[in-house]
Amino acid sequence: TDEMAGKTVWRVEVADETATAALAADIAALLKNGDTVTLAGDLGAGKTTFARALIRKLLDDPAIEAPSPTFTLMQIYEGETARIVHADFYRIGSASELSGLGWEEAVEDAIVLAEWAERAPEVLPPDRLDVRLSFADADNRDARRVTISGYGAFAARLKSFKSLRELLRR
Ligand code: ADP
Ligand code: MG
């Protein structure tokens, strides 16, 4: 764990997709409307898998499909308590393209989950949670390393997040 002023970093290894989903569901407890989570990592690293598990937990609906927004660019979910925008910037050329899609209106008071967020960093708030997934082991297709960084208000929230601490101890 790296703990500097205004930044908290957790690193955890997960064995398979089920463990990734469990971790994402845990992270849901940290989120409220207005929050932004970025999801980084190579194609197939598990960004959409992570986002899907978060969406299912936040909406309390384990059956919701939550398809990848690669082609729709953004999927909007209106839950009873949470409003979620799941976006994928992979095919987005610039932040102005997002404006054309009504990004500002869509994300107002929503929980934003953004894959490939580094392609339009201008639209992201500095206080946020960054999740990076990477292949942990060349010989194991299911293992992932997950790095979760909390900035600003998220640094303290992540630092005091007991449930993740317990998960890391397992
Ligand atoms: P991305 O959105 O990063 O391109 P996806 O979530 O769409 O990636 O795809 C991840 C793929 O890797 C899925 O086919 C999933 O079943 C598989 N997978 C295997 N192990 C894991 C893991 N530990 N976490 C997430 N996905 C995993
Ligand atoms: Mg994806």
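**Aromatic pairs and a ligand shell**

Hi everyone, let's begin with the rings: in this predicted model, the count comes to two aromatic pairs.

Take Phe 89 and Trp 103. Their ring centres are 5.3 Å apart with 75° between the planes, which makes the pair edge-to-face. Phe 89 is in the loop between strand 5 (83-88) and helix 3 (95-100), while Trp 103 is in helix 4 (residues 103-107), so the pair links distant parts of the chain, 14 residues apart. Are these two residues buried or exposed? Both Phe 89 and Trp 103 are buried.

Now for Tyr 90 and Trp 116. Here the centres are 4.9 Å apart and the planes meet at 55°, so this pair is tilted. Tyr 90 also comes from the loop between strand 5 and helix 3, and Trp 116 from the loop between strand 6 (111-115) and strand 7 (129-135), so parts 26 residues apart in sequence are tied together. Tyr 90 is partly exposed, at 33% relative accessibility, whereas Trp 116, at 13%, is buried.

Over to ligand 1. Of the 15 residues around it, Glu 17, Thr 20, Lys 47, Thr 49 and Asp 142 come nearest. A polar side-chain atom of Thr 49 lies 2.6 Å from a ligand oxygen, and a backbone N or O atom of Gly 44 lies 2.8 Å from one. Taken alone, ligand 1 exposes 570 Å², and the protein buries 75% of that. Which element gives the most to the shell? That is helix 2, with three residues. By type, the shell has two nonpolar, five polar and eight charged residues.

Notes:
Residues are numbered from 1 along each chain as its sequence is written. Chains are lettered from A and ligands numbered from 1 in the order in which they are written. This is a predicted model: local features need pLDDT of at least 70, side-chain atom pairs count only at pLDDT 80 or more; totals for chains, interfaces and linings use all residues. Side-chain values use heavy atoms; hydrogens and water are left out. A residue is near a molecule or strand if one of its heavy atoms lies within 4 Å of it. A polar contact is a pair of N or O atoms within 3.5 Å; within protein, one must be able to donate a hydrogen and the other to accept it, and residues adjacent in sequence count only if both atoms are side-chain atoms. Accessible areas come from the Shrake-Rupley method with a 1.4 Å probe; for residues, only the protein chains shown count as cover. Helices (H or I, at least four residues) and strands (E, at least two) are DSSP runs, numbered from the N terminus. Ala, Val, Leu, Ile, Met, Phe, Trp, Tyr, Cys and Pro count as nonpolar, Asp, Glu, Lys and Arg as charged, and the others, Gly among them, as polar. Rings of Phe, Tyr and Trp (its six-membered ring) pair if their centres lie within 6.5 Å; planes under 30 degrees apart count as stacked, over 60 as edge-to-face and the rest as tilted. Buried means under 20% relative accessible area, exposed over 50%, partly exposed in between (1.4 Å probe, protein chains only).
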